[in-house]
Amino acid sequence: MRSKSGAAASRPPEDPAAPSVSRRAFLRGLGTTAVSAAALGAQSVAGELAAANPEALRGPQATAVMLSINGVRRTFSLEPRATLLDALRLHAGLTGPKEACDRGTCGACTVLLAGMPVYACMMLAIDAEGREVTTVEGLSRDGPTPLQKAIVAADGLQCGYCTPGFVMSLTALAQTQPHPTGAEVRKACSGHLCRCGSYPRVFAAALAASKTPSA
Amino acid sequence: MPWPQTTKYFGRSSPRLEGPAKAAGRARYTADVELPGMLYGAIIRSTWPAAHIRAVRLDQVRAAPGIRAAITAQDGAFDVHFYGAELAAVAGISRQAVLDALTLVEIDAEPRPFLVDELEALRAEAPRVVPARANLTDGKAQATADVDAAFAASAAVVEGTFETQVELHHPLEPHGHAASWEGDELTTWSSTQAVFGCRSAFAQALQVPQNKVRVICEHMGGGFGAKFNPGVEGILCARLARVAGAPVKLILTRFEQALAVGNRPSSHQQIKLGADATGRLTAFQLESFGTSGYDVGANTGGGSGSARFPAPYIYKVPATRVKQGTVAINAGLSCAMRAPGHPVASFGMEAILDDLAVKLGRDPLELRLLNDPSEIRQREYRLGAEKFGWKQKYRKPGSSAGPIKSGIGCAGAAWMSGGRGTQAELEINPDGTVAVRVGTQDLGTGSRTVIQVVAAEMLGLDLAAVAVGVGDTRFPPSGASGGSATTASVAPAIYDACEKALAELAKSSAIADPRGAHWLKACKTLGSAPLRVRGVWREGLSTGGAGGVQFAEVEVDTETGFVTIRKILVVQDCGAVVNRLTCESQINGGVIMGIGYALYEERVMDRATGVVLNPNLETYKLPGAADIPEIDIVLLDMPERGVIGVGEPCTIPTASAIANAVANALGVRVPRLPITPDRVLAALGRVPPPSRQARARAALKSAFARIAQMPEPIGPEESPA
């Protein structure tokens, strides 16, 4: 039901893009079902639930999942257990987000969900319905961003497997904090691992990019 | 050396050629390869640390929905020696289908006794990890005459026991392959440090002629020594594709990365060091053992995985006695890992040297200047000490005031770094553009950019005019990217190709020097056919033997045991620097990996179940954004020496310098890596040692006694690197 990502937790309550099935609505549906279950028999419980919460009863077979990715709405046939990362990499053909740990530690799979960085490996694709997903491919359709240029110029990458993840989190930082301090840059990178040890130059690149237009 | 003196690119900083593609997420790695009809592959692994496998039955798996192939890892019955050993592999139409089918495998196994504790494995009554071999193997003893007399004549003798952990490579890109058959021809997309090495290994394992195997590695997400060959997973992937009649992609999980694709062996070192009254080293004695898993380690292109290491490392001591063994436990095999043996060797030797300095009441830097035989490191120590402010910062061990103690330390390293044998193809097009093709690979080290820089420099072109192809066995052969050999092996071949191409172009165009203003005109005379020449590695442009030193400044909180690194200064020799930007990045990376080795990383195994307890990245701690100190790099640019690789030497002395800085801060030695808060507090006597520790100490002592009994010498003489 709920994404474990920080982004979902911090989403403002009035967000119109929030999933249409809330916990309260689900429980309300369950309540009416419980009352009538004895009379109608267990067979119809599922039907009742389905009527009360049509969105909650999907799967386990593949189901149509509509995602808005990099500004384009597409429908995929996905099992509800498919992660957002699998949907992007295996079904949408977007291999910029990388799978490196598959348990929300390394950050290589980071994408933006309604502008907030989330680990795509820790989120189900169906939970991303209704909110805009941005992958690294979506950032540079009009050419590289100042941050991407700065990362290349400062050599803030080596093997590059972690790079799309860093790019996404630092892009999100730039949107909320256009002139970050070194400490803020480090904090933004704290959910990312780089085994080649490019951190010093990733930090330098983020700071350089933030100074690009004015100072 | 004929490398140009005045340069546009050579020795300067050029951005990574593939940087824009990587930053935009366009760079295609093995896991990103998608072919029509491609299946998803996965491996079924042993959940027994030791077992006799009577049979692996896959009938139910094959009947499962979406499954296209299922194969056993070995024919008939076989033994497994570690949790994670490959039993079978499955390919199906989706990840979900395969994951569901994995539960249907039936394994008839007879579990056997196992042990994952090195000290237990050394006990006389311990069960054998591999029945055909004693647990203590790979013994090697070397001695010069009169070691005991030399100790007796020494003015000061120090003794210590130092231990290092099993470290995991954990490249961010997991091991993996995509394999596709067209008839009897195999193409693989492999995440590898050696496309040609992989081609040979695939051909041999699959009984296919080498001219029918092509291995491609366009972009590669790190290897650090663990990706020299296809591995069991690569062969299984190609076999699955053959059985299924469809391409298969098989990428390992992070969990599997911790079990079955190599590691850096542990070490337990008992060292005795003697010096005369002036501080000159007189005698050295080492007993050591460590584990490289259930055997003496995988023999990979980048060096053996044995637990032995060079001793007394970079120092020349007149009298030495060295006895080393490797102890088997039920764990995955080690393999080469970034400077195999050297960080291990450096930690013990540099630690005992500092302990000697304390005993003699000397500055440890002075003691190194007195004893280090390398003229280059002598220069580096002097230069570094000046820049670091060693004299101003150095205080007697443990003498800083307050609960947070500061300290400094230093250490040196050597690495052979030589390379040879590469061939390169250079193509000059009639429009003046150039393509260079080399069957090397770029692991993230910047070798593609090195090729571009050399070609652009030699031909007098802009970087943008030079396209570079690497990572394909259809390109001219080059060796494995290991041993820090790539730059030294590749750059001279590019140089040679450029020289030949210029000579041919001069001849065909009748323009004596076709470079610069005449370039386009000269190229136009080629007509419609590009000029192609083959360059080969040649003497005189590259060399080996990189020396480096590092200085560390730390703060240790004596109440929490937490170590904070304030600064690392690197003074590194790598001969002629080809591309400063990527060279420095490698050094940053070496230092940061050294920080992980010093403070955070350790594979932990459970004695009761034989499993790796931290097979992921939240419990196996890699250095993260908050752990990165100020890193200062000074390159001792010496173009006259020729090109030398730098990837490995820069990671060797980091942990030693940090450990010495911690000892200098505390006034006591933390003798075991990683230096975690509990070990700091235990060294300070702030927490009682765990009850197991006393038993472990006794077991360690008896283990060293067993090593000391090794007759000397028992193995052929081998000179340390």
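Colleague: How many residues does the contact take from chain B, and how many from chain A?
Modeller: Keep in mind that this is a predicted model. Two residues are in contact if their C-beta atoms, placed from the backbone, lie within 7 Å. Counted that way, chain B supplies 46 residues and chain A supplies 45 residues.

Colleague: Which helix of chain B gives the most to the side that touches chain A?
Modeller: Helix 1 (19-23), helix 3 (95-102) and helix 16 (580-600) of chain B each supply at least two residues of that side. One of them gives the most, with 8 residues: helix 16 of chain B.

Colleague: How do the residues on the side of chain B that touches chain A divide into nonpolar, polar and charged?
Modeller: That side takes in 46 residues of chain B. By class, they are 22 nonpolar, 16 polar and 8 charged.

Colleague: Turning to chain A, how many helices and strands does it have?
Modeller: Along the sequence, chain A reads α-α-α-β-β-α-β-β-β-α-α-α-α. In total, chain A has 8 helices and 5 strands.

Colleague: What share of chain A counts as buried?
Modeller: A residue is buried if 20 or more other C-beta atoms lie within 10 Å of its own. Chain A has 215 residues. The share of them that counts as buried is 47%.

Colleague: How many residues of domain 2 of chain A are in contact with domain 3 of chain A, and how many of domain 3 take part?
Modeller: Chain A is divided into domain 1 (23-56), domain 2 (59-136) and domain 3 (146-210). The centres of domain 2 and domain 3 of chain A are separated by 22 Å. The contact between them joins 16 residues of domain 2 to 12 residues of domain 3.

Colleague: Which strand gives the most to the side of domain 2 of chain A that touches domain 3 of chain A?
Modeller: Strand 3 (110-113) and strand 4 (116-119) of chain A each supply at least two residues of that side. By class, the side divides into 10 nonpolar, 5 polar and 1 charged. The top contribution is 3 residues, and it comes from strand 3 of chain A.

Colleague: How many residues of domain 1 and domain 2 of chain B does their contact take?
Modeller: The side of domain 1 of chain B that touches domain 2 of chain B has 4 nonpolar, 7 polar and 4 charged residues. The contact takes 15 residues from domain 1 and 20 residues from domain 2.

Colleague: Why is strand 9 of chain B largely enclosed by the rest of the structure?
Modeller: Strand 9 of chain B pairs in the antiparallel sense with strand 12 (residues 248-251) over 4 bridges. Strand 9 also pairs in the antiparallel sense with strand 10 (residues 185-190) over 6 bridges. Strand 9 has 7 residues, and it is largely enclosed because the number buried is 6.

Colleague: Which residue in the turn between strand 9 and strand 10 of chain B has a positive phi?
Modeller: Strand 9 and strand 10 of chain B form a hairpin with 2 residues between them. Within the strands, B:His177 has B:Ser190 as its bridge partner. In the turn, a positive phi of about 65° belongs to B:Gly183.

Colleague: Which residue follows helix 7 of chain B?
Modeller: Helix 7 (residues 231-244) of chain B reaches 20 Å from its first C-alpha to its last, close to the 20 Å expected. 11 of its 14 residues are buried, so helix 7 is largely enclosed by the rest of the structure. Among the buried ones are B:Ile235, B:Leu236 and B:Leu240. The residue that follows has a positive phi, near 65°, and is B:Gly245.

Colleague: Which strands stand at the edges of the open sheet of 5 strands in chain B?
Modeller: The sheet has the order 7-15-14-13-8, and its pairing is mixed. Each edge strand has a single partner strand, so one side of each is left without a neighbour in the sheet. They are strand 7 (136-143) and strand 8 (156-164) of chain B.

Colleague: At about what angle does helix 9 of chain B run to strand 8 of chain B?
Modeller: Helix 9 (residues 342-360) of chain B lies across strand 8 and strand 13 (267-275) of chain B. Its angle to strand 8 is about 145°.

Terms used. Residues numbered from 1 in each chain as written. Chains lettered and ligands numbered in written order. Predicted model: local features only at pLDDT ≥ 70, side-chain atom pairs only at ≥ 80, totals over all residues. Nonpolar A, V, L, I, M, F, W, Y, C, P; charged D, E, K, R; others polar. Domains from an automatic or database assignment. Buried ≥ 20, exposed ≤ 12 C-beta atoms within 10 Å, placed from the backbone. Pairing = 2+ DSSP bridges. Expected span 1.5 Å × (residues − 1). Axes fitted to C-alpha atoms, helices over the stretch in contact; angles between N-to-C directions.
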